[in-house]
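Hi everyone, thanks for coming. Please have a look at the structure on the screen, and then I'll walk you through a few parts of it.

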Amino acid sequence: MGLRTLSRQIALSMSALALATLAGCADPSATTAEPEAQNDAHAGLPRMSLTFTPGGLEEEAFVDVTVELTGYDVEAGEPFLTAPAIFAGVLGAPYGEGDVAPVMAFDTEGPVSLTRADNPEDPNNFIYYRRWLADRDTFGPIRVQYRAPIALVPPTLGAGPPFDLRLNEGVITGAGSTFLVVPDTNQPFQMTLNWDLDHMAEGSIGISSFGRGETELTGPAGRLIPAYYMAGPVGRYPTDGEDHAFSAYWIGDPPFDPDETMPWSEEVYQAQLDFFGIENPEPYTFMSRPNPYPGGGGAGLTNSFMLSYPGDTANLDDIAITIIHEMSHKWVGGVSGPPGATSWFTEGMNVFYTRRVPLKYGLLSPDAFLEDVNKHARRYYTNAINDLPNDQIPYLFWRDTRVRTLPYDRGSLYFAGEDARIRAASNGERSMDDVFFQIDEIREAGDPFTPEVWADLMVAELGEDARTRFTEMMAGALQVPPSDAYGPCFMREETPSREFQLGFDASTLSSEERIVSGLVEGSAAEQAGLRNGDRILEPVALEAAQSDPERTLSLSVGRDGERFTLEYLPRGQTVTVYTWARTPGVDDDACPL
């Protein structure tokens, strides 16, 4: 396996990278040597076997997890087990709290009592850990048991990473970050994942980010956390039941046609491998599930991603873009820094390549490319807080949808602008692609890729003005790319549009009770009848309304024991919006850069 392949495989999405960094996990792809070399290197490692047993599907669904450890001992008072308490804004199973049974451990001497010693809470709600200490030394093989509860918990802001452990149409899905408890160590294990599906429908299979059915892998136990798990009677691609380099799984009858979408997704994946120069990649898995609420999206974890979509999804172009975006995360990677503060690159650069690569390979039409450019542009220029400095984003990222979308929008416009300047300065000889592959070389060499390194790379291309532009962008300066930023096919236009205005304090939507406060006098929300003190009864997904200036917002409201619905257009003052249109007389063939 080449260094480029290895470097890209450890360059996970923001969430997985944050987990690996903060948990101190070893390289999650450090087990990709040739089989004979693996056997020599892993001889004598302790063993860990995990068995997943779903049950209660007709009542209160759960997944029983049994972890068996051999060749591994823990001393009294030392860290023994760990699990995320919160991961990318999504809560982990609260074992031992309320009605949730505690984690139990046993060895040859009998039960091993455990003491909780959690990390301090993360005020930004990105990630922190629960930890269990052993109250005595352990002896011989260890068995850990726990029951992960399954309950539908809509995201606080109406949409979020699809990590929660969930039951849909007899199929269980979720990320390890929300239910797995694993040894609290960087010690590598020889691991086996097993599935006991006796209580599921006939024909059910178990899948994880590491493969289908019983799976062998080696590495630290923390490798299992940033990964997806799925079990039940699922649709699959390819249909021959064999193992493939690219596999896809879905539930029931999704709003997209799997017979068209999954082969197209594999084509996109192959195009990304070619563009990013990836050789001999590990197998990749695409999973999907419906949401019983309006929001949707996706998130990439280890060698996989999960697509989530509302059951009544009508815009299949958005699903296509999400598929491209989440697969692209694997190759784009991130920049050093705390979670949230790095999203200008992790998400902004990924949006940039989400469009560029499939357009180049004929898998995204120029019109679809243009639609996505303008979706992000409209959302950015009508965002009342688009001048928010980057260092304020982490605290607000999971509390305000306008903040959560800002790095995607501002970052992608920044990269488009700098790409245009590089092409102009080099008379078309260089582009952002050349800078990106320099970043790849930095990662391959094992050197840190930091914001300061990024600024230096841009100065080498464009002079000190590039450092100034980067500093200003991070401080919140408005980003307006040149008219030809997206190539000869597209030209910039100025149009008036109305600023997105929720009409009340955005923190209302992330609070536990969702009690309306800070109602804006004269706003569309007030004119629709909303009042301070009203309670919003259901989570609200704002992304679609932010992107579409004509889309109304519907709120389920409670007041004085009554429940009613208010609908209004969440828009305020008129602002200037920069969008792009097709350049007359330029053929589609000239669009890819």
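Predicted model: local features only at pLDDT ≥ 70, side-chain atom pairs only at ≥ 80, totals over all residues.

**Helices that cross**

Helix 8 and helix 10 are roughly perpendicular to each other, a label for angles of 65 to 115 degrees, while under 35 counts as roughly parallel, over 145 as roughly antiparallel and the rest as oblique. Residues are numbered from 1 along each chain as its sequence is written, and side-chain values use heavy atoms, with hydrogens and water left out.

Back to our pair: helix 8 covers residues 366-381 and helix 10 covers residues 401-425. Helices here are DSSP runs of H or I with at least four residues, strands are runs of E with at least two, and both are numbered from the N terminus. The two axes come within 9 Å and cross at roughly 115°. An axis is a line fitted to C-alpha atoms, for helices over the stretch in contact, and the angle runs from 0 to 180 degrees between N-to-C directions. This crossing is left-handed, meaning that the near helix is turned anticlockwise from the far one by less than a right angle; clockwise would be right-handed.

Which residues of helix 8 make the contact? They are His376, Arg379, Tyr380 and Tyr381, and contact means heavy atoms within 4.5 Å. On the helix 10 side, the list includes Leu406, Asp409 and Leu413. By class, this contact has five nonpolar, three polar and three charged residues. Nonpolar covers Ala, Val, Leu, Ile, Met, Phe, Trp, Tyr, Cys and Pro, charged covers Asp, Glu, Lys and Arg, and the others, Gly among them, are polar.

Helix 10 also packs against helix 7 (residues 348-360), at an angle of about 65° and with the axes 7 Å apart. The crossing of helix 7 and helix 10 is right-handed.

**Into the core**

Now, the largest nonpolar core has 100 residues. A nonpolar core is a set of buried Ala, Val, Leu, Ile, Met, Phe, Trp, Tyr and Cys residues joined through side-chain atoms within 4.5 Å. Buried means under 20% relative accessible area, exposed over 50% and partly exposed in between, using a 1.4 Å probe and protein chains only. Phe345, Met349, Tyr353, Met432 and Trp454 touch the most other members. Leaving aside neighbours within four places in sequence, Tyr353 has contacts that include Phe275, Val332, Met432 and Phe436. Apart from this core lies another, of 47 residues, with Val63 and Tyr146 among them.

Most residues other than glycine have a negative phi, and most peptide bonds are trans. Arg514, however, has a positive phi near 55°. Is Arg514 buried or exposed? Arg514 is buried, at 12% relative accessible area, and sits in the loop between strand 23 (490-500) and helix 14 (524-528). Asp560 also has a positive phi, of about 50°, but it counts as exposed at 74% relative accessibility. Its loop runs between strand 25 (553-559) and strand 26 (562-568).

Finally, the peptide bond from Tyr237 to Pro238 is cis, with omega near -10°. Pro238 lies in the loop between strand 18 (235-237) and strand 19 (246-250).
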